[in-house]
Amino acid sequence: PTRVLMGVDTYWNHVGTRGFVNAASTRAGMRAGLKPGTAEFEAFTEAFIAKPPTPVARAADEFARTNTMAKDLVGFAETFEDGIKATSQKLPLTFARVLVPFFKTNANLIEEVVERSPFARLLSSDFKLAMRAGGAQKDEAIAKVITGSTVLAGFTYLAANGLINGRNTESPELEAAMKDNKTVAPETSIKVGNTWVSIKGVEPLATMVDMAHFWSKASGHLS
């Protein structure tokens, strides 16, 4: 199972890297005054993709690792990960290989959600680093907060009106009903027309749906 997970991660990492470099080559060609579709443009982009500039290659790697929730952790999460690594060295090798990557994935997932929420300024290490860096990084960080907060607000409104369902694992009876009766809303789903569409596993949207459901329930809109 570990080899399969690593293979899937490597595949999507390659897809992300390739996509970023391809997009960068197109932008570079257009900035150079070349017209898309011409032989000159194709030759330029092929050479760019074959050997991308070092800054582009680094940015592509960071982009791919971000999309696969595998980027390096910072701050408290990094310290905690180091502790897990130190502990896992005393455990069987197979167990250690599984434990460490899963912590990094979950930690990155939480970071992706937080940096798109109103709590980014307080809790997100990436947001703080981007704000200190300034320029495009700062603009992107602010855009993530605005967009993510708007989506969360919209999801919370939909949850309050019964159009979103989050996690209900605290109720075994409801769990069984959701599995046996298709008319009952499944976990982490959105109602589209008369059909409940599950987005479980579609991150970070799935976590946002769960958060919206929780907030609506906590505020008394849901029973």
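Reader: In this predicted model, between which two helices is the loop that holds Glu-115 found?
Author: Residues are numbered from 1 along each chain as its sequence is written. Local features of this predicted model need pLDDT of at least 70 and side-chain atom pairs 80 or more, while totals for chains, interfaces and linings use all residues, and side-chain values use heavy atoms without hydrogens or water. Helices are DSSP runs (H or I, at least four residues; strands are E, at least two) numbered from the N terminus. On that numbering, Glu-115 sits in the loop that joins helix H5 (93-114) to helix H6 (120-123).

Reader: Is Glu-115 buried or exposed?
Author: The cut-off for buried is under 20% relative accessible area with a 1.4 Å probe, against over 50% for exposed. Glu-115 has a relative accessible area of 5%, and it is therefore buried.

Reader: Which residues is Glu-115 in contact with, leaving aside its neighbours within four places in sequence?
Author: Contact is taken as heavy atoms within 4.5 Å. With those sequence neighbours set aside, the partners of Glu-115 are Ala-120, Ser-124, Asp-126, Phe-127, Lys-144 and Val-145.

Reader: How do the axes of H7 and H8 lie to each other, roughly parallel, roughly perpendicular or oblique?
Author: The axes (lines fitted to C-alpha atoms over the stretch in contact, with angles of 0 to 180 degrees between N-to-C directions) come within 6 Å and cross at roughly 140°. Angles under 35 degrees are roughly parallel, over 145 roughly antiparallel and 65 to 115 roughly perpendicular, with the rest oblique, so H7 and H8 are oblique.

Reader: Which residues make the contact of H7 with H8?
Author: From H7, the contact draws on Phe-127, Ala-130, Met-131 and Ala-133. H8 contributes Gly-135, Gln-137, Lys-138, Ala-141, Ile-142 and Val-145.

Reader: At roughly what angle do helix H8 and helix H10 cross?
Author: H8 spans residues 135-160 and H10 spans residues 205-218, and their axes come within 8 Å. The two helices are oblique to each other, because their axes cross at roughly 50°.

Reader: Which residues of H10 take part in the contact with H8?
Author: On the H8 side stand Gly-148, Val-151, Leu-152, Phe-155, Thr-156, Ala-159 and Ala-160. Facing these, H10 supplies Leu-205, Met-208, Val-209, Met-211, Ala-212, His-213, Trp-215 and Ser-216.

Reader: Which pattern does the protein follow along its sequence?
Author: The protein has 223 residues, and buried residues make up 30% of them. Its secondary structure comprises ten helices and three strands, and along the sequence these follow the pattern α-α-α-α-α-α-α-α-β-α-β-β-α.
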